[in-house]
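User: I am new to this structure and would like a guided look at it. Could we begin with charged side chains and then move on to the overall arrangement?

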Amino acid sequence: MRHALQAPRGIKVGLLGGSFDPAHSGHAHVAETARVRLGLTCVWWLVSPQNPLKPKSTPLKNRLASARAVARGRHNIVTDIETQLKTQFTIDTLKSLKKRFPGVHFVWLMGADNLSGFERWRGWQDIARLIPICVVSRPGAGPRARLGRLAQRFPHARLNLANAMACARAAPPAWVYIPARWNPLSSTALRASGAGLSLA
């Protein structure tokens, strides 16, 4: 079932993109940490039809079900809007969302473990110039995220943690790093262990 996304002007919405193959509590940890620390109205989980940087994913319906099983509460909304928009790359999705929902303050959410490959994303610098970014600490990345390509390219765009609430409404480029209790789960480890959801 597709969600008819509602987003009145002025609200702050976190965007958590990914394959979610499968979704796990680490994703929920990033979403909830960012929602609370940034004062977001809600977080949209953007389940990608197919990540161009990863091998072929399991069927979309399985990954949507996996995300919905993990994204608890009314503040977390799982959507296949990238499929509806027919966008494959994050930069194109963000441009479409900003056009479709004028006046909404979007902020891109990501775990620090994803930063190591961020420069491989199409138009990653354009993403940083288009939308504020919130990076939440993750195992294996931690402090190194603060020294990565995002930090090197946009050193003066980093917000002090005390100003995290201002991130979503900040003029990009703007980014904030949030240290938080680490959740060790990863989709890669779950797939390797066979613990992913298997849904008809």
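User: Which residue forms a salt bridge with R35?

Analyst: The partner of R35 is E32, and the closest N and O atoms lie 2.7 Å apart. Please note that this is a predicted model.

User: Where do the two sit relative to each other in helix α1?

Analyst: R35 and E32 are three residues apart in α1, so about one helical turn separates them.

User: And is R35 buried or exposed?

Analyst: R35 is buried, with a relative accessible area of 16%. E32 is partly exposed, at 32%.

User: How many salt bridges does a search of the whole structure find?

Analyst: The search finds two.

User: Which residues of α1 are buried?

Analyst: The buried residues of α1 include G26, H27, H29, V30, A31 and L38. G39 follows the helix and has a positive phi, near 65°.

User: New topic: what is the strand order in the sheet?

Analyst: The open sheet has six strands in the order β3-β2-β1-β4-β5-β6, with parallel pairing. Its edge strands are β3 and β6, each of which pairs on one side only. From one strand to the next, the twist averages 25°.

User: How many bridges join β5 and β6?

Analyst: Strand β5 (residues 133-136) pairs with β6 in the parallel sense over four bridges. Y177 in β6 is the bridge partner of V135.

User: What does α1 touch when it packs on the sheet?

Analyst: Helix α1 touches β1 (12-18), β2 (42-47), β3, β4 (105-111), β5 and β6, and its direction makes about 125° with that of β5. Helix α4 (residues 90-100) packs on the sheet as well, touching β1, β2 and β4, with its direction at about 155° to that of β4.

User: Take T79 in strand β3. Is it buried or exposed?

Analyst: T79 is buried, with a relative accessible area of 1%. Leaving aside neighbours within four places in sequence, T79 is in contact with L5, W45, L46, V47, L64 and Q84.

User: Where is A164 found?

Analyst: A164 lies in the loop between α6 (149-153) and β6 (175-178). A164 is buried, at 3% relative accessible area. Not counting residues up to four places away in sequence, A164 touches R37, L38 and V176.

User: Last one: which residues in the largest nonpolar core touch the most other members?

Analyst: That core has 34 residues, and those touching the most other members are L15, W44, L97, F101, F106, I133 and L150. A second, separate core of 25 residues includes W45, L109, V136 and I178.

How values were computed:
Residues are numbered from 1 along each chain as its sequence is written. This is a predicted model: local features need pLDDT of at least 70, side-chain atom pairs count only at pLDDT 80 or more; totals for chains, interfaces and linings use all residues. Side-chain values use heavy atoms; hydrogens and water are left out. A nonpolar core is a set of buried Ala, Val, Leu, Ile, Met, Phe, Trp, Tyr and Cys residues joined through side-chain atoms within 4.5 Å. Buried means under 20% relative accessible area, exposed over 50%, partly exposed in between (1.4 Å probe, protein chains only). Contact means heavy atoms within 4.5 Å. A salt bridge is a side-chain nitrogen of Lys or Arg within 4 Å of a carboxyl oxygen of Asp or Glu. Two strands pair if DSSP finds at least two bridges between them. Axes are lines fitted to C-alpha atoms, for helices over the stretch in contact, and angles run from 0 to 180 degrees between N-to-C directions.
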